[in-house]
Amino acid sequence: MSRHDRETIREELTGEILTGVIAPGTPLREVLLAERFGVSRTPVREALTVLEQSGFAVRKGRSLFVPEVDSSTAQQVFEVWELLEIELVAHAARGRRLEDLIRAEDLVHRDRADAPAEVAVTDRVLRDIAFHRALWHAAHHTVLEELLERAVAHPVHHPRSSPLVDDDRWQETVEEHSRILAAIAAQDVDSAREFTREHFRAAHDARVERLRSA
């Protein structure tokens, strides 16, 4: 019996779209997905409906596709993400709870413990997003969290363009996460904002350099 339902199908497809395993422009066909997951078309259709509502799929005629994104749109997405998160970490520094810190610290400890060679690029992207989501949750600011979820929903994290493909950049990212979290734990609003700004700028510079090299 299949263990897949609407939610597990949605989660798996979301991860694959975010990391570029399912490339922009790819059609999302109910029949093929139902065969892949070993279910009827109903839970697939329901999962695709949620993906469309959240921006992970777009409709062209009667078919759904993974949205295309150009470099200009990607840059806009990361700019919005940076602006929103700088504000959000300030709320996290003021209002974080013990369970919020434990959740985020567990993610950092895991990423430090695993050697870069043990973490696939697609997993690095998902781990990076998971850490940021932990910060969003720690802020307890529903509106900002919803806006950031909309930003991260854009398919702009493809492994081929992600700076996280580089082992050194991945390790730097983990250390940057640790600095941001330490500032939040200390309720140091100014440092949390500054470390977040530096984190996004470092990621931007690494992404630009990677694209130039390519």
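Phe78 and Trp81 are both buried, where buried means under 20% relative accessible area, exposed over 50% and partly exposed in between, using a 1.4 Å probe and protein chains only. The model they sit in is a predicted one, so local features need pLDDT of at least 70 and side-chain atom pairs count only at pLDDT 80 or more, while totals for chains, interfaces and linings use all residues. Residues are numbered from 1 along each chain as its sequence is written, and side-chain values use heavy atoms, with hydrogens and water left out.

Back to our two residues. They belong to helix 4 (residues 71-95), and because Phe78 and Trp81 are three residues apart there, about one helical turn separates them. Helices here are DSSP runs of H or I with at least four residues, strands are runs of E with at least two, and both are numbered from the N terminus.

How do the rings meet? A pair of aromatic rings is described by the distance of the centres and the angle of the planes. Rings of Phe, Tyr and Trp (its six-membered ring) pair if their centres lie within 6.5 Å; planes under 30 degrees apart are stacked, over 60 edge-to-face, and the rest tilted. That rule gives three aromatic pairs. One of them is Phe78 with Trp81, a stacked pair at 6.1 Å centre to centre with 15 degrees between the planes.

Trp81 has another partner, too: with Trp136 it makes an edge-to-face pair, 6.2 Å centre to centre and 70 degrees between the planes. Trp136 lies in helix 6 (residues 121-139) and Trp81 in helix 4, so this pair ties together parts that are 55 residues apart in sequence.

Now zoom out to the whole chain. It has nine helices and two strands, and along the sequence they run α-α-α-β-β-α-α-α-α-α-α. The radius of gyration is 18 Å, close to the 17 Å that the globule rule gives for 214 residues, so the chain is as compact as a globular protein of that length. That radius is taken over C-alpha atoms, and the rule is 2.2 Å times the number of residues to the power 0.38. The C-alpha atoms fill a box of roughly 50 × 40 × 30 Å along the principal axes.

Of the 214 residues, 43% count as buried. Contacts (heavy atoms within 4.5 Å) reach along the sequence as well: among those between residues at least 6 apart, 77% join residues at least 24 apart.
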